[in-house]
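Dear colleague,

Please find below the structure that I promised to pass on to you. My notes on what I found in it follow, and I would be glad if you read them with the structure open beside you.

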Amino acid sequence: MGIRVANVSKRFGDFRAVDDVSVDVESGSLVALLGPSGSGKSTLLRLIAGLEEADDGRIWITGEEATGRTVQDRQVGFVFQHFALFKHRTVRQNVSFGLELRRWKREAIRRRVDELLELVQLQGLGNRYPSQLSGGQRQRVALARALAVQPRVLLLDEPFSALDAKVRKELRAWLRNLHDEMHVTTVIVTHDQEEAMEVADKIVVMNNGKVEQIGTPAEIYDHPSSPFVMGFIGAVNVLPQGAIGVAGGGEAGAPAEAQLFVRPHDVEVFTEPQQGTVPVELRRISHRGRDLQAELVMADGQVITAQIPREQLAFNSVSAGCRLHVRSREARAFVPDYTI
């Protein structure tokens, strides 16, 4: 096992930032801690790193108990959100910093830094200073520095959140490829659902200091265990039971107070009535590349969103105010004890 967290809690005064959390991270895997601000994900990462001390519970790293160990003794690589590079040191000097502290020989440091700069695709930039690099390049320097000391695990605290959307997407793909090459046990904290779905082998969804669900991206998205998870992972329409027709009749045996949770891509839209459809009014239609997004008003005034492949609807023939008909391919029933 790469990392094991067993019944760990952390309080700040009366506030429980992490509340009896248990998580196993398999050796060589990449796991995302995902949740909204204040869910406890960054605190849990800092507890694993040794930057915070747990009030209760135990932590193991690569099979050795690390609960009472210092940051240095845990041998983890930590990458912060805002790079934390030394401005007065070159790229090479930033990457070599940890090796110098460990008194590696000069030639060994040179070889290791060369290897890492090639690994993170920064060959030829070793003599530049951080101010001479782009945001994406600075974050890759931070990753190279964390990897330089050959950590047992790599911990990333929202490493791409300070970057623009295009660079974030490029670095996500780069990080996943880097991980597949190195197989370092990695935990990344993020509040970005798309980022977690794209890079992680498994996702740990957190809320209010607790773990809501652990699973692969497909398991989390297709089989959410709670209304919070379904509402947080991807867009969703929340409707009273019976408000929309559902193929197969929906989930049998749902409590009377349960509501239907319907993904926008599961909303079928027709220009003419079909079996099981209900009438709606088109309020707005927008173009999202290959798909269309429609805002639809139901008879009771509730607005729902539908994601429609362009070829499915002759969008040139519809406009705001026209009457359409909808039903759902699939819906899940939950008792709404949450806030999306």
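Arg89 is located in the loop that runs between strand 6 (76–79) and helix 3. Please keep in mind throughout that this is a predicted model. With a relative accessibility of 16%, Arg89 counts as buried, because the cut-off for that word is under 20%. The side chain of Arg89 is in polar contact with the side chain of Glu100, at 2.9 Å. If residues up to four places away in sequence are set aside, Arg89 touches Asn94, Ser96, Phe97, Glu100, Tyr129 and Pro130.

**Helix 3 and its two partners**

Helix 3 (residues 91–101) packs with helix 5 (residues 135–148) at an angle of about 25°, and their axes are 7 Å apart. Angles under 35 degrees count as roughly parallel, and helix 3 and helix 5 are therefore described in that way. The crossing in which helix 3 passes helix 5 is right-handed. On the side of helix 3 the contact is made by Val91, Asn94, Val95 and Leu99, which meet Val141, Ala144, Arg145 and Ala148 in helix 5.

The contact of helix 3 with helix 4 divides into seven nonpolar residues, one polar and five charged.

Gln213 belongs to strand 10 (residues 210–215) and is buried, with a relative accessible area of 11%. Which backbone atoms lie by the polar atoms of the side chain of Gln213? One is the backbone oxygen of His223, 3.0 Å from a polar atom of that side chain, and another is the backbone nitrogen of Ser225, at 2.7 Å from a polar atom of the side chain of Gln213. Leaving aside neighbours within four places in sequence, Gln213 has contacts that include Ile203, Val204, Val205, Glu219, Ile220 and Val229, as well as His223 and Ser225 themselves.

Val267 has its place in strand 13 (residues 267–270), and at 2% relative accessibility Val267 counts as buried. Not counting residues up to four places away in sequence, Val267 touches Asn237, Val262, Ile304, Thr305, Ala306, Val326, Arg327 and Arg329. Val267 and Ser226 are 41 residues apart in sequence, and their C-alpha atoms are 21 Å apart in space.

**The protein as a whole**

The secondary structure comes to nine helices and 18 strands, and the C-alpha trace spans about 75 × 45 × 30 Å along its principal axes. The protein has 340 residues, of which 48% count as buried. Among the contacts with a separation of 6 or more, 67% are between residues 24 or more positions apart.

Technical notes:
Residues are numbered from 1 along each chain as its sequence is written. This is a predicted model: local features need pLDDT of at least 70, side-chain atom pairs count only at pLDDT 80 or more; totals for chains, interfaces and linings use all residues. Side-chain values use heavy atoms; hydrogens and water are left out. Helices (H or I, at least four residues) and strands (E, at least two) are DSSP runs, numbered from the N terminus. Buried means under 20% relative accessible area, exposed over 50%, partly exposed in between (1.4 Å probe, protein chains only). A polar contact is a pair of N or O atoms within 3.5 Å; within protein, one must be able to donate a hydrogen and the other to accept it, and residues adjacent in sequence count only if both atoms are side-chain atoms. Contact means heavy atoms within 4.5 Å. Axes are lines fitted to C-alpha atoms, for helices over the stretch in contact, and angles run from 0 to 180 degrees between N-to-C directions. Angles under 35 degrees count as roughly parallel, over 145 as roughly antiparallel, 65 to 115 as roughly perpendicular and the rest as oblique. A crossing is left-handed if the near helix is turned anticlockwise from the far one by less than a right angle, and right-handed if clockwise. Ala, Val, Leu, Ile, Met, Phe, Trp, Tyr, Cys and Pro count as nonpolar, Asp, Glu, Lys and Arg as charged, and the others, Gly among them, as polar.
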